[in-house]
Amino acid sequence: MTARTKNQSLRILLIGGGAREHALAWKLSQSTRVETIFCAPGNGATGNISKATNVPHLSPDQHAGLLAFATESTVNLVVVGPEVPLVAGIVDVFETNGIQCFGPNKAAASMEGSKVAAKDFSE
């Protein structure tokens with residue numbers, strides 16, 4: 001965390017809609033620092049978590065739409081659950097636009113998403 005977010009309430013965009021994202025939303029909602037969690041798209045379970053709101057019209061592959069939503073909603077932290085948007089570089093999109101992300105950038109995620117990249121790296 002930078003000094004910018006260290007003392008302010010967190011407005012989180014949680015990207016994904018599976019069980020992993022439910023677990024992340026559940027745990028994040030327990031923090032007193034978290035004001036709200038936007039789950040894009042979320043699921044039936046995330047919609048029942050306090051502080052969480054589903055954003056079903058946004059999917060993890062809509063980088064421009066997610067960035068626009070995050071900007072309009074004054075999101076100050078993005079948490080990315082699924083591997084596919086990580087490999088596609090979604091963290092780079094947010095960080096280039098000044099929004100902090102929890103997740104690897106495109107180059108780092110490529111090792112998880114590609115056995116060839118991981119093998120080339122290890123040789």
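Colleague: Which residues is Arg-11 in contact with, leaving aside its neighbours within four places in sequence?

Modeller: Arg-11 is in contact with Glu-35, Thr-36, Phe-38, Ser-73, Thr-74, Val-75, Asn-76 and Leu-77, once neighbours within four places in sequence are left aside; contact means heavy atoms within 4.5 Å. This is a predicted model, where local features need pLDDT of at least 70 and side-chain atom pairs count only at pLDDT 80 or more, while totals for chains, interfaces and linings use all residues. Residues are numbered from 1 along each chain as its sequence is written, and side-chain values use heavy atoms, with hydrogens and water left out.

Colleague: Why is Arg-11 called buried?

Modeller: Buried means under 20% relative accessible area, exposed over 50%, and partly exposed in between (1.4 Å probe, protein chains only). Arg-11 has 19%, so Arg-11 counts as buried.

Colleague: What does the side chain of Arg-11 reach?

Modeller: The backbone oxygen of Ser-73, at 2.8 Å.

Colleague: And why do Cys-39 and Cys-101 count as buried?

Modeller: Cys-39 has a relative accessible area of 1%, so Cys-39 is buried. Cys-101 is at 14%, and therefore counts as buried too.

Colleague: What makes S1 and S2 a pair of strands?

Modeller: Two strands pair if DSSP finds at least two bridges between them, strands being DSSP runs (E, at least two residues) numbered from the N terminus. Seven bridges join S1 (residues 10–16) to S2 (residues 34–41), and the two run parallel. Ile-12, for example, has Ile-37 in S2 as its bridge partner.

Note on methods
Helices (H or I, at least four residues) and strands (E, at least two) are DSSP runs, numbered from the N terminus. A polar contact is a pair of N or O atoms within 3.5 Å; within protein, one must be able to donate a hydrogen and the other to accept it, and residues adjacent in sequence count only if both atoms are side-chain atoms.
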